[in-house]
Amino acid sequence: MFEKLRNIVLKSGSTAQAGHHGSEPHVLPLKTYFAVFGALLLLTILTVVVSVIGLPQPTAIIVAMVVAAIKATLVVLWFMHLKYDDRFYSLIFIISILFLALFFIFTSLDVFTRGQVNPEESSFSQDGLLLRQEFMKK
Amino acid sequence: MGEQQSSQAAAAGQHHPKYLAHHFESMEQQNASGKLGMWLFLGQEVLFFSGLFLAYTLARIFYPETFLAAHELLDWKLGALNTIFLLTSSLTMALAVRGAQINSKPTMFWNILATLLLGGAFMVVKYIEYSHKFHDGLLPGHFFDAAKAMHNGHPANIPGAPAIFFAIYFTMTGTHGLHVLIGMLLMLWLLVRINRGDFNSENHVFLENVGLYWHIVDLIWIFLFPLLYLVR
């Protein structure tokens, strides 16, 4: 899957000759960039409109994050050329997102189940609330 | 070894451009290595910002009422204006990289200049927002001044912990703004190098890497804008 990049980076000797003519960059037509830009602007307007309408939570935050994720995908695929580049760059980026998810999941597991072991440390019990308020006063 | 390589290259009919560093065998290898390094750095950037986004998420779950009330103190119109500035700058940056691919020096130069100016416009709006908040006492942690905020016509009592909201607001937008500033410095350097004629369709991985960096800065703002300004 990533043979092209591996060959280029690790053992270019034989493949560099074969792949030399392939070093010409992939040029996208101008209209592709303007289409992506137009879509990004439209999605920005959509987020603002959805926010002004005032959907109930948690629908509002889910819609906002889905729209943001679509915008991010557009930027990454076309402006950052991941759609046309070697898949290994995509793999690095996806792995970083996976580790971000891991970070969120394990921290949440800790924060939201702490109260089951020690109610005083719960973030949501009355005791936990008081503790936090005291901490704030310091 | 070096002689052997160059004779190999000569045998294959390859030219040896002056910008090809001696430890790389071909431009393709040199460009791919540079870009690989940049993508590893971008992966690191995602993880670097993930801590701030996690802090935001937990604080918002702890104090939903604070986030609902405090976001009224941010001007979503300025946030939207900044979003448009950054999205447009991402377009001009992508066009500058395309300019390098088609060997057009003016396309590179004017698009990078436009990107730099749009980044500057973003920072000006950020300055207006920050100075307004400094003036009204809407500051992070124990610098938060409720009396001053009230005196300046803000809601008398923001429930929960407004100091935490502003700590998160300033840390997230401040870190992002620092990235914008660094990007602008890189673009000044780019302008010098474009003017010098350093880049062409074969050799522009530096321009491309600054572009990738600028897009990730834009990408982070795409998430910051709805999270901070559009809480409903």
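1. Helices (H or I, at least four residues) and strands (E, at least two) are DSSP runs, numbered from the N terminus. The model is predicted, and local features need pLDDT of at least 70 while side-chain atom pairs count only at pLDDT 80 or more, whereas totals for chains, interfaces and linings use all residues. Residues are numbered from 1 along each chain as its sequence is written, chains are lettered from A and ligands numbered from 1 in the order in which they are written, and side-chain values use heavy atoms, with hydrogens and water left out.

2. Chain A contains six helices and zero strands, and its pattern, read along the sequence, is α-α-α-α-α-α. Of the 138 residues in chain A, 31% are buried, where buried means under 20% relative accessible area, exposed means over 50%, and partly exposed lies in between (1.4 Å probe, protein chains only). When contacts in chain A between residues at least 6 apart in sequence are considered, 57% of them join residues at least 24 apart; contact here means heavy atoms within 4.5 Å.

3. His81(A) sits in the loop between helix H4 (59-79) and helix H5 (87-117) of chain A. Its phi is near 65°, a positive value in a residue other than glycine. As background to this point, most residues other than glycine have a negative phi. With a relative accessibility of 7%, His81(A) counts as buried.

4. Arg6(A) belongs to helix H1 (residues 3-10) of chain A and, at 45% relative accessibility, counts as partly exposed. Although Arg6(A) and Phe88(A) are 82 residues apart along the chain, their C-alpha atoms are separated by 8.9 Å.

5. In chain B, helix H8 (residues 205-229) deserves a separate look. H8(B) has 25 residues and spans 36 Å from its first C-alpha to its last, close to the 36 Å expected at 1.5 Å a residue; the expected span of a helix is 1.5 Å times one less than its number of residues. Because 24 of the 25 residues of H8(B) are buried, this helix is largely enclosed by the rest of the structure.

6. One partner of H8(B) is helix H2 (residues 27-62) of chain B, and the two axes come within 10 Å and cross at roughly 15°, which makes H2(B) roughly parallel to H8(B). Axes are lines fitted to C-alpha atoms, for helices over the stretch in contact, with angles that run from 0 to 180 degrees between N-to-C directions; angles under 35 degrees count as roughly parallel, over 145 as roughly antiparallel, 65 to 115 as roughly perpendicular and the rest as oblique. The crossing of H2(B) past H8(B) is right-handed, and a crossing is left-handed if the near helix is turned anticlockwise from the far one by less than a right angle, and right-handed if clockwise.

7. On the H2(B) side of this contact the residues include Met38(B), Trp39(B), Phe49(B) and Arg60(B), while those from H8(B) include Glu208(B), Tyr213(B), Phe223(B) and Leu228(B). The residues of the contact of H2(B) with H8(B) divide into 16 nonpolar, three polar and four charged, with Ala, Val, Leu, Ile, Met, Phe, Trp, Tyr, Cys and Pro counted as nonpolar, Asp, Glu, Lys and Arg as charged, and the others, Gly among them, as polar.

8. Another partner of H8(B) is helix H5 (residues 105-136) of chain B, for which the axes come within 13 Å and cross at roughly 30°; H5(B) and H8(B) are therefore roughly parallel to each other, and their crossing is left-handed. Among the residues in contact are Met108(B), Phe122(B) and Lys126(B) in H5(B), and Trp214(B) and Trp221(B) in H8(B). The residues of the contact of H5(B) with H8(B) divide into seven nonpolar, two polar and two charged.

9. H5(B) itself has 32 residues and reaches 47 Å from its first C-alpha to its last, close to the 46 Å expected at 1.5 Å a residue. Just after H5(B), Gly137(B) takes a positive phi of about 75°. In the loop between helix H4 (76-101) and H5 of chain B lies Asn103(B), which has a positive phi of about 65° although it is not a glycine, and which is partly exposed, with a relative accessible area of 49%.

10. Arg193(B), in helix H7 (residues 162-195) of chain B, counts as buried at 17% relative accessibility. Leaving aside neighbours within four places in sequence, Arg193(B) is in contact with Asp198(B), Phe199(B) and Phe206(B).
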